[in-house]
Amino acid sequence: MSTVRKYLGLIVTIGVLLMLVAWPAITGKDITRETTFTILLSVALASSLNILLGYTGYVSFGHVVFFGLGGYVGFYLMSAQGMSLWISMLAGGVSAGVLAFLLGKAILRLRGGYFALATIGINEAMRAFINNFEPFGGPTGMTLNFSVYRDYGGAGQALWLSYYVLAALTFIVLIVSYLVRTSKFGLGLLAIREDEDAAEVMGVNAPNVKTWAYVLSAIIPGMLGVLFFFKNGSIEPAPAFRLHFSIEMIVMVMLGGQGTVLGPILGAYGYQSLRGFLLTSPIFKDIQLAVAGVLLLVIVLFVPAGVVGWLRQRVPVLRRALQ
Amino acid sequence: MKRTTLFLIFGYLLFALIFVACSSSGGDEEAATDTGSSDTAAESADSGGGNQTIVIGFTASQTGSQNVSSTRQVNGLNLWMSELNAAGGIALSDGTKVTFEAVTYDDESNTDRVQELYTRLATEDNADFLISPYSSGLTAASAVIAEQYGKVMITTGAASDETYKQGLTTIYQAYTPASRYLTGAIDLMATLDADITKVAFVYENDKFSTDVVDAALAYAEEKGYEVVLHEGYNSDTTDFGPFINKIQDAGPDAILGGGHFQDGSTFARQLSEKNIDVDFFALLVAPPEPDFADLGDAALGVIGPSQWEPLAAFTPDSAAAAGLEWFGPLGEEFVSAYEAAYDGEEPSYHSAGGYAAGLILQQAIIAADSTDPEAVGAALDAMDLLTFFGHIKFDTTAEAHGLQIGHSMVYIQWQEGADGLAKQVVWPAEGATAETLFPLP
């Protein structure tokens, strides 16, 4: 019983995610799979960003750079070198992690707005670099031959496979996120978030801890990039390094509750299902962006701590269950 | 109390938004757009009595960077659909009357949700045929879905060649592919003056323009031209000074390139301000737009490729002369119907492309005498016809199935007319409305 109490936060989080993942498998409908794919992709990206944004308090506006770079490296290996999706995903994750490590050493010395500005700059610089990098197709990008999907049982099977791989990656992100939050390493991050100088005085090796948090938050987005563009069939610089996508990730984390494990899941689910509903609703489809904007405004005005933060404040009984 | 007031304000705002939404969808129905919702689509599969309603699914960029071109494309398609439905649809030999209905969603001009929306169109809305979104990037993503569900998709507004070389079998391109966008300009240049030898390529560094210029550059070299400058610029470039200096140093006889409207027109204006002396100047996309004339003297003599022009004279006679079957309305009939339906707005080639995509599908259903996707696909493979949009014929080899091989660009040039600047078609020779103004003044 005490074990259940101890891990209640993780159990609730995994339970929520399981329900989400199982939905398309139960209905077996392709459209449910596609809708859930969009939501799960956001859940995984928002949860990855949460390790840096929520736990460490560093706002990375250009986090999509890892999604784009990983996607490009993996896509190149698949389309030009004929490698499998698995190796490509691994390479995408590693390249994003290495980039984060090198960047972390350099720009994590910056704080607040300066760090946020630097991350935007890095995303733009990477897009400009890829735009002029001929092996990756330059501005034309790369396209995947349709026959590649046959190795995975045809396009239909490949789309289901992408879905299950995405589900597995999302579980991994959440477990990592939970482990970080409940570990000594995570305590160090939370201390940095509250007061970096005080944390250093207390013995937290801030530069190292921050760099590893950055690396952890970059690896999965790199792998997700490969998976997304594999499913998409083509890659170009503009959609791969879309700044707008980074901002959406931040909104999702804030919506659900930054610094919590469950928050990014609820935030991403809420945001993407709202957008999906508005886009396809006969009444709202012409003004869906305006409606989404007003609803976000309402939420940010009235629930600034996010859904999970609000519930934790108001209903103390739930504090153990909602982490 | 304060909180209650705030809630009330937001309540009113939401109510107002819902009201606006309802009234704006009402407005859509008044125009010639028949964009049915998914609810009506589900009921429409077969209403019996020898009548069949075919659902055509596509996404439109109602928001985002591609909004203007995409809207024109959708307007063209909707005009085709409303005209055909008003005329009673297509009559098949078994007596069935086939009419059409559209289901559409906003793709926001980005690839995030395109696959989700096309899956919805194919599986939930039971679309029988698909039309592509606007732009090559979105089309490439939607093509994977169309192919997976075996849905025939006519692409329009998607010029990139690459999509059609990936082993797809149900995708058919209405536009001239990017690789042949500027090659006609080089042919025209060759007929004008054999002394032109040095060519400069200055172009926007994006997927479409790079595809076009790579192919044109290879073609120019094959024709024996010396390429003295090959330079890409960023999409948001506003100062072309450094590029113009390089052009001056290289001393070309002809400049080819450009990208989209904004950069292309700025480039033309700055080139004219610096008085660069070249004989021949051709730009992508910008010159065919009516607003290009606002440049005044800087626009004079500039040549631009267009997928279609109202001036282009494709007629049943030219079809007979070329040994092709003619289908659909005349160019001027399309223009007047379009202007009547959309408050006098002049159709662009995007609009014509949207209408042509519908015509291609219509002719394929007539030729197949069936709405079965396989039969329609076979009819598309065999298609070889002339419409007001131009010649339509698809590649049927496994390497590039569906790639457009019949259609070719028309090239316009801005020349002095009776009331100021006017567009004239200068290439191909059989469609020309005026002699080329050469060399540039």
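## Chatting through a two-chain model

Visitor: Where do we start?
Guide: With helix 10 of chain A, which is mostly covered: 22 of its 27 residues are buried. Keep in mind that this is a predicted model.

Visitor: What span should helix 10 of chain A have, and what does it have?
Guide: At 1.5 Å a residue, its 27 residues should span 39 Å, and the end C-alpha atoms are 39 Å apart, which agrees.

Visitor: And what comes just after helix 10 of chain A?
Guide: A:Gly233, which takes a positive phi of about 85 degrees.

Visitor: Which residues touch the most other members of the largest nonpolar core?
Guide: A:Ala44 and A:Leu224 do, in a core of 215 residues. Helix 10 of chain A gives the largest share of this core, 15 residues.

Visitor: Where does this core lie relative to domain 1 and domain 2 of chain B?
Guide: Both domains give residues to the core, so it lies between them.

Visitor: Back to A:Ala44. What is it in contact with?
Guide: If you skip neighbours within four places in sequence, A:Ala44 is in contact with A:Leu166, A:Leu169, A:Thr170, A:Val173, A:Ile220 and A:Leu224.

Visitor: OK, now the two chains together. How many residues of each are in contact?
Guide: 40 residues of chain A are in contact with 40 residues of chain B. On the chain A side, helices 3, 7, 10, 13 and 14 each supply at least two residues.

Visitor: Which helix gives the largest share of that side?
Guide: Helix 14 of chain A, with six residues.

Visitor: What classes of residue are on that side of chain A?
Guide: There are 17 nonpolar, 15 polar and eight charged residues on the side that touches chain B.

Visitor: Let's switch to chain B. How many helices and strands?
Guide: Chain B has 13 helices and 17 strands. It has 441 residues, and 50% of them are buried.

Visitor: You mentioned domains. Where are they in chain B?
Guide: Domain 1 covers 33-176 + 312-393, and domain 2 covers 180-306 + 410-431. Their C-alpha centres lie 31 Å apart.

Visitor: How many residues are in contact between these domains?
Guide: 10 residues of domain 1 of chain B are in contact with 11 residues of domain 2 of chain B. The domain 1 side divides into four nonpolar, four polar and two charged residues.

Visitor: Can we look at a strand? Why is strand 4 of chain B called largely enclosed?
Guide: Strand 4 runs over residues 97-106, and eight of its 10 residues are buried, so it is largely enclosed by the rest of the structure.

Visitor: Which strands pair with strand 4 of chain B?
Guide: Strand 2 (residues 51-60) runs parallel to strand 4, joined by 10 bridges. One of the bridge pairs is B:Thr59 with B:Tyr105. Strand 3 (residues 90-91) pairs with strand 4 in the antiparallel sense over two bridges. There, B:Ile90 has B:Val98 as its bridge partner.

Visitor: And between strand 3 and strand 4 of chain B, how many residues?
Guide: Five residues sit between the strands of that hairpin, and B:Gly95 takes a positive phi near 95 degrees.

Visitor: Pick one residue from strand 2 of chain B. Is B:Ile54 buried or exposed?
Guide: B:Ile54, which lies in strand 2, is buried, with 20 other C-beta atoms within 10 Å. The cut-off for buried is 20 or more.

Visitor: What does B:Ile54 touch?
Guide: Leaving out residues up to four places away in sequence, B:Ile54 touches B:Val98, B:Phe100, B:Asp128, B:Phe129 and B:Thr371.

Visitor: Last stop, helix 9 of chain B. Which of its residues are buried?
Guide: B:Asp263, B:Gly264, B:Ser265, B:Phe267, B:Ala268 and B:Leu271. They pack against strand 8, helix 8, strand 10 and strand 11 of chain B.

Visitor: How many residues does helix 9 of chain B have, and what follows it?
Guide: Helix 9 has 13 residues and reaches 18 Å between its first and last C-alpha, close to the 18 Å expected. B:Asn275 follows helix 9, with a positive phi near 55 degrees.

How values were computed:
Residues are numbered from 1 along each chain as its sequence is written. Chains are lettered from A and ligands numbered from 1 in the order in which they are written. This is a predicted model: local features need pLDDT of at least 70, side-chain atom pairs count only at pLDDT 80 or more; totals for chains, interfaces and linings use all residues. Helices (H or I, at least four residues) and strands (E, at least two) are DSSP runs, numbered from the N terminus. A residue is buried if 20 or more other C-beta atoms lie within 10 Å of its own, exposed if 12 or fewer, and partly exposed in between; C-beta atoms are placed from the backbone. Two residues are in contact if their C-beta atoms, placed from the backbone, lie within 7 Å. Ala, Val, Leu, Ile, Met, Phe, Trp, Tyr, Cys and Pro count as nonpolar, Asp, Glu, Lys and Arg as charged, and the others, Gly among them, as polar. Two strands pair if DSSP finds at least two bridges between them. The expected span of a helix is 1.5 Å times one less than its number of residues. Domain bounds come from an automatic or database domain assignment. A nonpolar core is a set of buried Ala, Val, Leu, Ile, Met, Phe, Trp, Tyr and Cys residues joined through C-beta atoms within 7 Å.
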